[in-house]
Amino acid sequence: MIVRLDEDGAVVLDADDCGRLHLETDLDEHGLHTALKITATGAAIDGDTAWLDLGVLRTRARLVATEPDWDQRWAAMVDHAEAKGWLSDDGHAVQVHVERAGAP
């Protein structure tokens, strides 16, 4: 699952692929921080990692998901993130890697 973020908003791509969640953007660290806040999608940790709000992410991803077992895939992804220590203390956000769309 890819969350594509720009200054205008966030879009979930490849919603059925719950095996490799990451955030993709062309924004610099300041722009990333601002866009995550404005879109209520999450919060930047630094230029390379961010918190994504699981409720927002699930709602947006579910709208475009097509696989009949998507809910189980989602649950497995969240369980995996928890096992790896990638969930926030309150369990409402997941830590993800930020990939720059134009990077090689």
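Two strands pair if DSSP finds at least two bridges between them, and helices (H or I, at least four residues) and strands (E, at least two) are DSSP runs numbered from the N terminus. The model is predicted, so that local features need pLDDT of at least 70 and side-chain atom pairs count only at pLDDT 80 or more, while totals for chains, interfaces and linings use all residues. Residues are numbered from 1 along each chain as its sequence is written, and side-chain values use heavy atoms, with hydrogens and water left out.

**View 1. Pairing of strand β6 with β3 and β5.** Strand β6 (residues 93–100) pairs with strand β5 (residues 49–53) in the antiparallel sense over 5 bridges, and Asp53 has Ala93 of β6 as its bridge partner. With strand β3 (residues 22–25), β6 pairs in the parallel sense over 3 bridges, where Leu23 is partnered by Val98.

View 2. Thr49 is buried, with a relative accessible area of 16% (buried means under 20%, exposed over 50%, partly exposed in between, with a 1.4 Å probe and protein chains only). Leaving aside neighbours within four places in sequence, Thr49 is in contact (heavy atoms within 4.5 Å) with Ala44, Gln95, Val96 and Val98.

**View 3. Packing of helices α2 and α3.** Helix α2 (residues 54–64) packs against helix α3 (residues 70–84) at an angle of about 155 degrees, with the axes 12 Å apart; axes are lines fitted to C-alpha atoms, for helices over the stretch in contact, and angles run from 0 to 180 degrees between N-to-C directions. Leu54, Leu57, Arg58, Ala61 and Arg62 of α2 meet Trp70, Asp71, Trp74 and Val78 of α3 in this contact.
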